[in-house]
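Hi,

Here is the structure I said I would pass on. Have a look at it first, and then read my notes below.

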Amino acid sequence: MKQIIGLSTVVVHEYDEAIDFFVGKLGFRLVEDMFLEAENKRWVVVAPKGSKESGMLLAKASDDGQIESIGTRSSLRAPSSGGMWPESGQGEQNSSAGQINYFPAF
């Protein structure tokens, strides 16, 4: 069975600044940029040109801990309830609302 990672999350200071960097400087393409009214935030996805299965979700830092993680080697946004991993240990999330990230922050 083929397995892929669809999106990796990069925590950023500002959406537009990050879009300018990834699209303008690195030549990525802007896949999605929509406002999620219920959450009062944007859903912004960029991907390298030619990429068909993976991209990066640009997530604006929403608290002091996330702001401090920007520019560090990794960041972690864990689900708010239920722990990070199910008992099976298969690496899935318990909460669809949370995100688990192990990628550099911009």
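A quick word on terms before the details: I call a residue buried when its relative accessible area is under 20%, exposed when it is over 50%, and partly exposed in between (1.4 Å probe, protein chains only). By that rule, Phe22 and Phe28 are both buried.

Please keep in mind that this is a predicted model, where local features need pLDDT of at least 70, side-chain atom pairs count only at pLDDT 80 or more, and totals for chains, interfaces and linings use all residues. Residues are numbered from 1 along each chain as its sequence is written, and side-chain values use heavy atoms, with hydrogens and water left out.

Let's start with the helix. Helices (H or I, at least four residues) and strands (E, at least two) are DSSP runs, numbered from the N terminus. In α1 (residues 15–25), Tyr15, Ala18, Ile19 and Phe22 are buried. They sit on the same side of α1 because they cover an arc of only 100° around the axis, the arc being that of the directions from the helix axis to the C-beta atoms. Asp20, Gly24 and Lys25 are exposed on the other side of α1. As a reminder, an α-helix has 3.6 residues a turn, so residues three or four places apart point the same way.

What do the buried residues of α1 pack against? They pack against β1, β2 (29–36), β3 (41–47) and β4 (55–60), with contact meaning heavy atoms within 4.5 Å.

Now the core. A nonpolar core is a set of buried Ala, Val, Leu, Ile, Met, Phe, Trp, Tyr and Cys residues joined through side-chain atoms within 4.5 Å. The largest one has 11 residues in all, among them Val12, Tyr15, Phe22, Phe28 and Leu58. Its largest share, 4 residues, comes from α1. Val12 lies in strand β1 (residues 7–12) and counts as buried because its relative accessibility is 0%.

Last, the aromatics. Rings of Phe, Tyr and Trp (its six-membered ring) pair if their centres lie within 6.5 Å; planes under 30 degrees apart count as stacked, over 60 as edge-to-face and the rest as tilted. There are 2 aromatic pairs in the structure. Phe21 and Phe22 are edge-to-face, at 5.2 Å centre to centre with 80° between the planes. Phe22 and Phe28 have ring centres 5.6 Å apart and planes at 50°, so that pair is tilted. Phe21, Phe22 and Phe28 form one aromatic cluster. Within it, Phe21 counts as partly exposed because its relative accessibility is 29%.

Cheers
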